[in-house]
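Student: I have a model open and would like to go through it with you. Could we begin with the strand pairing?

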Amino acid sequence: MNATIDAATDPAAETAAATTVYIGLGANLGDRGQALRSAVQALAGLPGTRLCGVSSLYRSAPVDASGPDYLNAVAVLETNAAPQDFLARLQALENAAGRQRPYRNAPRTLDLDILLWGDARLDTPTLTVPHPRMEERAFVLRPLAELAPQRVTAAQLAAVAGQAIDVLAGPQWVEGVATL
Ligand code: AMP
């Protein structure tokens, strides 16, 4: 029997095709820098996933919430995982980082959002992609524009230009995590 897999006709080979995924990371409680570094490392180690790049590290004031400033970044990954499975993995990482959900927009030790899943548009009770609020947020659009300038327009950046946000460090802030 011929064991060669024909990627054009084999359904398993088709589902194994990697999707480029952009993840927003944020933290505003505890050791925020360490939480984001560990999260990037954990993302790089998810099954069927590789880390392709990380944005600069940003500091932003909370939007629609009180509490300490956030540290934020965006990571780009390639993954063979299905979107819902990947979301469950992200939530497990948030929980492992001590994430509590006492009320909406509460301060958080780690927040991981799926911003873009390839070119997919998903609208399910638990997952909406592109992320429904990403266009309102400088702390998403600025780092995303570094990694994927073709996915963020000048008009979108102009619309969030009034939001308080600084660059704290270039992409080397996450040094020690191998990117491919
Ligand atoms: P958050 O407070 O940002 O952690 O919100 C998490 C909730 O948003 C979870 O119940 C998710 O099921 C839901 N959700 C919907 N779309 C997304 C997305 N693109 N990325 C992450 N969580 C999402």
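This is a predicted model: local features need pLDDT of at least 70, side-chain atom pairs count only at pLDDT 80 or more; totals for chains, interfaces and linings use all residues.

Student: How many bridges does E1 share with E4, and in which sense do they pair?

Tutor: E1 and E4 pair over nine bridges, in the antiparallel sense.

Student: And what joins E1 to E5?

Tutor: Six bridges join E1 to E5, and these strands also run antiparallel. Within E5, Asp111 is the bridge partner of Gly26.

Student: Is E1 mostly covered or mostly open?

Tutor: E1 is mostly covered, with seven of its nine residues buried. For the chain as a whole, buried residues make up 32% of the 180 residues.

Student: Let me step back. How many helices and strands are there?

Tutor: The chain has five helices and eight strands. Read from the N terminus, the order of elements is α-β-α-β-β-β-α-β-β-β-α-α-β.

Student: What share of the contacts between residues at least 6 apart joins residues at least 24 apart in sequence?

Tutor: Among the contacts in the chain between residues at least 6 apart in sequence, that share is 70%.

Student: On to the core. Which residues have the most contacts inside the largest nonpolar core?

Tutor: They are Tyr22, Ile23, Ala39, Val74, Ala75 and Leu115, in a core of 41 residues. The elements that each supply at least two residues of this core are E1, H2, E2, strand E3 (57-60), E4, H3, E5 and helix H4 (138-147). E4 gives the largest share of this core, seven residues. As a general matter, nonpolar side chains tend to be buried together in soluble globular proteins.

Student: Take Val74, then. What is it in contact with, leaving aside neighbours within four places in sequence?

Tutor: Val74 is in contact with Tyr22, Ile23, Gly24, Ser55, Leu115, Val140, Pro143, Leu144 and Leu147.

Student: What about H2: how does its reach compare with the span expected at 1.5 Å a residue?

Tutor: Helix H2 covers residues 32-44, which is 13 residues, and reaches 19 Å from its first C-alpha to its last, close to the 18 Å expected. Its buried residues are Arg32, Ala35, Leu36, Arg37, Ala39, Val40 and Leu43.

Student: What covers those buried residues of H2?

Tutor: The cover includes strand E1 (19-27), strand E2 (49-54), strand E4 (70-79), helix H3 (83-96) and E5.

Student: Why does Asp31 count as exposed?

Tutor: Asp31 has 12 other C-beta atoms within 10 Å, and a residue with 12 or fewer is exposed. Asp31 sits in the loop between E1 and H2. Its C-alpha lies 10.0 Å from that of Leu71, although Asp31 and Leu71 are 40 residues apart in sequence.

Student: Changing topic: which residues are around the ligand?

Tutor: The residues around the ligand are Leu87, Asp111, Asp113, Ile114, Thr126, Leu127, Thr128, Val129 and His131. They divide into four nonpolar, three polar and two charged.

Student: Which strands each supply at least two residues of that shell?

Tutor: Those are strand E5 (111-117) and strand E7 (128-129). The largest share of the shell, three residues, comes from E5.

Student: Is the peptide bond from Val129 to Pro130 cis or trans?

Tutor: The bond from Val129 to Pro130 is cis, with omega near -5°. Pro130 is in the loop between E7 and H4.

Student: Now the backbone angles. What is the phi of Asp64, and what is that of Asn105?

Tutor: Asp64 has a positive phi of about 55° although it is not a glycine, and Asn105 has a positive phi of about 60°, again without being a glycine. Asp64 lies in the loop between E3 and E4, while Asn105 lies in the loop between H3 and E5. Asp64 is exposed, with 9 other C-beta atoms within 10 Å. Asn105 is exposed, with 11 such atoms within 10 Å.

Student: One more: where is Pro68 found, and what is it in contact with beyond its neighbours within four places in sequence?

Tutor: Pro68 is found in the loop between E3 and E4. Leaving aside those neighbours, Pro68 is in contact with Asn28, Leu29 and Pro107. Pro68 is partly exposed, having 14 other C-beta atoms within 10 Å. Pro68 and Arg108 are 40 residues apart in sequence, and their C-alpha atoms are 9.8 Å apart in space.

How values were computed. Residues are numbered from 1 along each chain as its sequence is written. A residue is near a molecule or strand if its C-beta atom, placed from the backbone, lies within 6 Å of it. Ala, Val, Leu, Ile, Met, Phe, Trp, Tyr, Cys and Pro count as nonpolar, Asp, Glu, Lys and Arg as charged, and the others, Gly among them, as polar. The expected span of a helix is 1.5 Å times one less than its number of residues. A residue is buried if 20 or more other C-beta atoms lie within 10 Å of its own, exposed if 12 or fewer, and partly exposed in between; C-beta atoms are placed from the backbone. Two residues are in contact if their C-beta atoms, placed from the backbone, lie within 7 Å. Two strands pair if DSSP finds at least two bridges between them. A nonpolar core is a set of buried Ala, Val, Leu, Ile, Met, Phe, Trp, Tyr and Cys residues joined through C-beta atoms within 7 Å.
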